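Hi,

Here is the structure I promised to pass on.

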Amino acid sequence: MINLADLTFKTHWLFNLIQTYGSFITVGDYSAEIKINEKKQKFNFHEILSIEKAAGLLFHKLVFSLTNGSQIVLNGFTKKQLEILLSSYSEKKATSEKLAHEISTHKKLIQQSAEWCSKATSGDFFISEREKNERFKVISSLGKYLKLPFHQLPLAADTINELWLISELYANPDEYKKSKNKNFTTTELSLYAEYFEKIESNPLTIEQRESIVCDEDSVLVVASAGSGKTSLLVGKVGYLIEKQLAQPHEILILAFNKSAKEEIFNRILDKVGLDIDCHTFHSFGLNVLGQAHQEKPSLSDFVGNDALFGKVMTQIIDDVFNIPKHIEIAANFFISHSKPYRNQFDFKNLGEYYQYTKTNQLITFKGEFVKSFEELEIANYLSSSGINYQYEPDYKYETATPSKRGYKPDFYLPDYDIYIEHFAINEDESTPVFIDCEDYRQSMEWKRELHKNNQTTLIETYSYEKKEGVILSNLRARLTSVGVSFSPLNPEYFLKDLNDRGYISEFAKLVTQFLNLFKSRGGNAQILLSKLQATNDQVSLRFRAFFKIFQLIFGFYTAKLEEKKDIDFHDMINLSVNAILEKKAILPYKYILIDEFQDISYGRAQLLTALQKATQAKLFAVGDDWQSIYSFTGSDIELMTNFGDFFGFYEQRFLSNTFRFNDKIEEVASAFIQKNPKQLSKKITTYKKSNKPEIVLIKPKKDSGRFLEDVVKEISVLSLNKPTSILFLGRNNNNDEGIDYVALKKIAPSSSFEFKTVHRAKGYEADFVVVLGLKRARSGFPNEMVNDPIINILLPVGDGFAYSEERRLFYVALTRAKQRAYLIADSISPSIFFLELASEAYNVEKRFADNLLSRMCPICKSAHVVERIGSKGAFFGCENFPNCTYTSDPCNTCNIGFIKEAGGYYQCDNDLCKTKFSHCPSCKSGKLIQKKGKYGLFWGCSEYFSAGCSFTKKITNNR
């Protein structure tokens, strides 16, 4: 067989010499190229009728007969050349004819694919990723032909044109899809322009229209607050019907609660005139189960009733704990793991450590507040072991001096006359960064020497023992060695202590939340435990201790449902997923539309993927990750921010226009939420403009409802006494306490007043918003009762940004306002969100009369010093009280200002005073202030009460 590479045959050199010109012919795979007297011509084989040789005396001719009836004669070749040329031509022509025949056997496939490509080019439809891949897979069987210059083959003209259409898709499917969909979108927006103008009371925006016509397998529309999400869903449904992409029964809309479902259903019924299949996720799951099993299962009576569910869980916990063999399991958790442990060495400063202890409320079984987790564990161990103890009693011998308070050991066992000291040190006797190491070591040695000199027994424990998991075993061994007896755990008294101190009720809340999340994620214990197999840190140890109890409780809970043949909300989702995958239900859906997608949970996401797998339905999800505020119910923001990881290929669109609030609210709210870099980045465009700040920060002098009257008066003026909606928002239900609605109604008779928690205000709006309860506290805003790490194991990994969900909740609060938002801080301890807006470069209006932002506690370093009222009048104290006991009197010159470190001296921060004070030469940390004694005025150290510094100095003319 001759090599089918291109062969070129030139006329003989002698012939060229005689004729003064040369010719050649190149035989390619599918064509022949001829050159005569510098003129080139190329003919495909199917254009050549025949090639024949004509013998001459010296040189031979080649005669080309063409299909158009003409002839071309080339002279000057040798006999050998023509033999090879004709053999090559014959073989290559046969090969091209064979290829043409092979291609013709795919005529139907070529025609169908070309018709599809023609419609795609004309913009008749949107090419989804699945359709692109399926079409590419189909035409891949033509791949070897599409790679050839098929237009040179002996094919019909229409076949060649069809192959051209197909080859564009084959060459670059992604670019093909992109360009054709761009054409489609342009065509479609023009074709349905009148529909988009009229479907809602206001014309849909270009972003809404482009999102609606996008017909990708999965579409994620990232919306903004007030951007018209419901209008988008209404428009999408109407468009699907208008374009005949789906019949009404082939569209499924899923919402997260009944009120949202009804709003969407009624809007579609009103605007489109169709009864669309609209459900909550739970009601849809119930319908699937009813179809799969020919009857709907029975729901437990506590489903949807939080109060009753709480009672059920409490009773189950009591039943579990009343079984003797379970007591030891429970005791291990409550003694050593009731609170999440963090090593003191992990904290950056004292304020951060105080915040941890304040948040976790370290209260012993006996009701005492203790200063560290290790002390809590020791106290509860002693108590549960039947050992009587006293916490921080006075030492039996007098140790107080004029400059130092008396010694108070951590624990005293009166029945044995034994003291216990817990030392916050590592193996090398290093201390946490917020404790002066040298001073602490000296204090340790002083205590040891004190006990030695007074012949009192001292038992020591250390922080590193807790980290190593041996603190209690070591303590038991040391106490046993000095004659202390340990009594067996008394279940009755133990459970009574737990109940009396709120341990059981707090534990019940933890178990209830964990159970809901556990079931929502499929309830697989082995997968959960395997995540922690490789680690032995305190989080894992604590979780394993908890999970041993939880498995007992979960068993009781499951048995209770099975006994009545009931299911709960999670079963509705989980069982329906199984029924769908097992094809036990007939589901006609072509499109699934989801509202408020940012609230999606793992279980619901599995339901969606099961639906897509079973029906090939397209998913259209609308949500705003900036408003994801339900992680405590299992909502997983990463299912939206990392949408493709779970749902595969998708197209992301944005709704960036808001119809609700003005540009000044947007500017602050957007900057605030995007402090967290893990939130999806977007720019919001507002239709309303303002020439002044529209978020007002107010810190009243004292907590009372009176300042709200001034706010309402101002709103009445701004609204020109026209009917106005005023929404009070709180982080918690009790934040509206103290609001005198009667008095406010007298001030603004035309206004409407309403209070909502921020969670319940989701999707709500008002002309003016007043945010209450901006206090730094466990139940403040942000709420500092952070999720227990046990719960976090079931929640998404998270972004590591402090108070990320509380920040989103605060964003929701700000964006309920159409005109202006007033943020009311606690008069003593404003929240960190309030302080952030006040201290950083936000465009807000500030209304507070003190120098709060510059008053930092010199001990904590991270907390503010705030004004307080005591038995002796006004004073300044640390926000972290009672953990931090730093206090300071007001400047005794003006009796108003706070005296701050000013570099080498102290100075009053009252701009009308600015009095300077000297450092105390004795303790170095205090300041000399004027005091009055029985002999008159004198200079005394400000740290006399807080640190016991008794330095005094006579007053002279010079300081």
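Two strands count as paired if DSSP finds at least two bridges between them, strands being DSSP runs of E with at least two residues and helices runs of H or I with at least four, numbered from the N terminus. This is a predicted model, in which local features need pLDDT of at least 70, side-chain atom pairs count only at pLDDT 80 or more, and totals for chains, interfaces and linings use all residues. Residues are numbered from 1 along each chain as its sequence is written, and side-chain values use heavy atoms, with hydrogens and water left out.

Let me begin with the sheet. Six strands form an open sheet in the order β24-β23-β25-β26-β22-β27, with parallel pairing. β24 (751–757) and β27 (845–848) are the edge strands, each with a single partner, so one side of each has no neighbour in the sheet. β22 (residues 695–699) pairs with β27 through 4 bridges, in the parallel sense, and I698 stands opposite R847 in β27.

Now to a helix pair. The axes of α14 (residues 324–336) and α16 (residues 373–384) come within 8 Å and cross at roughly 140°; axes are lines fitted to C-alpha atoms, for helices over the stretch in contact, and angles run from 0 to 180 degrees between N-to-C directions. On the α14 side, F334, I335 and S336 meet F373, E377, N380, Y381 and S384 of α16 (contact means heavy atoms within 4.5 Å).

Finally, the cysteines. The structure holds 0 disulfides, a disulfide being a pair of cysteine sulfur atoms within 2.5 Å. For C913, the closest cysteine sulfur, in C891, is 3.8 Å away, too far for a bond.

Best wishes
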